[in-house]
Amino acid sequence: MMEQKRIAIYGKGGIGKSSTASNVAAACADEGYKVMIIGCDPKSDSSITLLGGKRIPTILDLLRQKIEVKEEDIVHEGYKGVKCVEVGGPEPGIGCAGRGIIVAIQKLKKVCKSIDDMDLIIYDVPGDIVCGGFVAPIRKGLVNEAYILTSGEYMPLYAANNICKGLAKIDTPLSGIICNSRSVTREEEIVRKFSEEIGSKLMAFIPKEQIVQDCERDGFSVLEKAPDSSVAGVYRELAHSIMSNDSSVLPSSLEDERLRELTR
Ligand code: SF4
């Protein structure tokens with residue numbers, strides 16, 4: 001039996017973590033893997049494209065209502081049987097998002113026995129900083145592979161570099177970098193160089209294509225709505241690379257000046 005992969009995708013907010021996570025989930029489900037996606041973003045947007053645009057209640061919202069939460073309340077089956085879960089966020093101004101994730105996952109583990117049978121669990125982690133709260137899933141052993149999503153622009157790379165610092169600090173290896181293109185000049189080359197210089201590798205270059213946004217707006221993954229598009233093929237290859245990836249390294253981080261040079 002294959003070892004369960006529990007991956008987290010880190011990266012600057014708004015860089016496309018949720019759409020990458022849901023398209024990878026769909027591609028893996030197409031391949032017959034048992035997949036669960038755990039959306040940790042307060043906007044709940046990682047599962048929505050696997051559920052035909054439907055929003056599901058978040059674990060933290062249900063817990064706040066003090067109701068006895070059952071599996072069917074929080075685990076919703078989407079495209080090709082992908083199990084979708086949304087953690088939800090803390091109440092504005094109170095609490096810690098990272099702590100909330102732990103509370104929610106503990107509840108999920110209690111009520112959902114099938115979590116152990118999954119081949120792949122994807123944590124769609126919020127935010128672009130690796131603060132103590134956001135690395136909580138790693139510290140608690142819930143995640144065994146970390147990926148970073150970036151584009152070739154300076155700010156997402158700056159965030160990616162910071163995430164590398166955070167991962168190194170907690171002694172957690174990085175399994176790869178994914179580039180979600182923003183149509184920057186020499187983008188693939190920039191992100192490939194960055195990946196190599198931190199000691200990692202570029203897993204995929206996802207081109208910027210309108211069809212991804214169009215499918216998302218309609219509540220679908222590209223794999224479901226436009227399976228013959230070329231970008232669907234890119235997600236398929238990325239999914240394959242993730243499922244067969246067995247190497248990871250403790251990333252080094254770059255000096256600010258080198259980062260600037262890379263993007264010049
Ligand atoms: S530790 Fe992180 S997640 Fe928790 S409150 Fe601070 S910034 Fe937010």
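Tutor: Helices (H or I, at least four residues) and strands (E, at least two) are DSSP runs, numbered from the N terminus. The model is predicted, so local features need pLDDT of at least 70 and side-chain atom pairs count only at pLDDT 80 or more, while totals for chains, interfaces and linings use all residues. Residues are numbered from 1 along each chain as its sequence is written, and side-chain values use heavy atoms, with hydrogens and water left out.

Student: Which backbone oxygen does the side chain of Asn161 reach?

Tutor: Asn161 lies in helix H6. Its relative accessible area is 2%, so Asn161 is buried (under 20% is buried, over 50% exposed, in between partly exposed; 1.4 Å probe, protein chains only). Contacts (heavy atoms within 4.5 Å) of Asn161, leaving aside neighbours within four places in sequence, are Phe194, Ile198, Ser253, Leu254 and Leu259. At 2.8 Å, the side chain reaches the backbone oxygen of Leu254.

Student: Which side chain makes a polar contact with the side chain of Glu197?

Tutor: Glu197 belongs to helix H7 (residues 187-197) and is partly exposed, with a relative accessible area of 32%. Beyond four places in sequence, Glu197 touches Ser252, Leu254, Arg258 and Leu262. A polar contact is a pair of N or O atoms within 3.5 Å; within protein, one must be able to donate a hydrogen and the other to accept it, and residues adjacent in sequence count only if both atoms are side-chain atoms. At 2.6 Å, the partner side chain is that of Arg258.

Student: Is Thr58 buried or exposed?

Tutor: Thr58 sits in the loop between strand S2 (35-39) and helix H2 (59-64). Not counting residues up to four places away in sequence, Thr58 touches Ser44, Glu86, Val87 and Gly88. Its relative accessible area is 7%, so Thr58 is buried.

Student: Which strands stand at the edges of the sheet?

Tutor: The open sheet has 8 strands in the order S3-S4-S2-S5-S1-S6-S7-S8, with mixed pairing (strands pair if DSSP finds at least two bridges between them). Two strands have a single partner strand each, so one side of each is left without a neighbour in the sheet: S3 (76-77) and S8 (202-206).

Student: Which residue in S6 stands opposite Gly11?

Tutor: Strand S1 (residues 5-11) is mostly covered, as 6 of its 7 residues are buried. S1 pairs in the parallel sense with strand S5 (residues 120-124) over 5 bridges, and also in the parallel sense with S6 over 5 bridges. In S5 the bridge partner of Ile7 is Ile122. In S6, Gly11 stands opposite Leu149.

Student: How many residues of the shell around the ligand are charged?

Tutor: Cys96, Ala97, Gly98, Cys131, Gly133 and Phe134 surround the ligand (a heavy atom within 4 Å). Ala, Val, Leu, Ile, Met, Phe, Trp, Tyr, Cys and Pro count as nonpolar, Asp, Glu, Lys and Arg as charged, and the others, Gly among them, as polar. The shell holds 4 nonpolar residues and 2 polar ones; of charged residues there are none.
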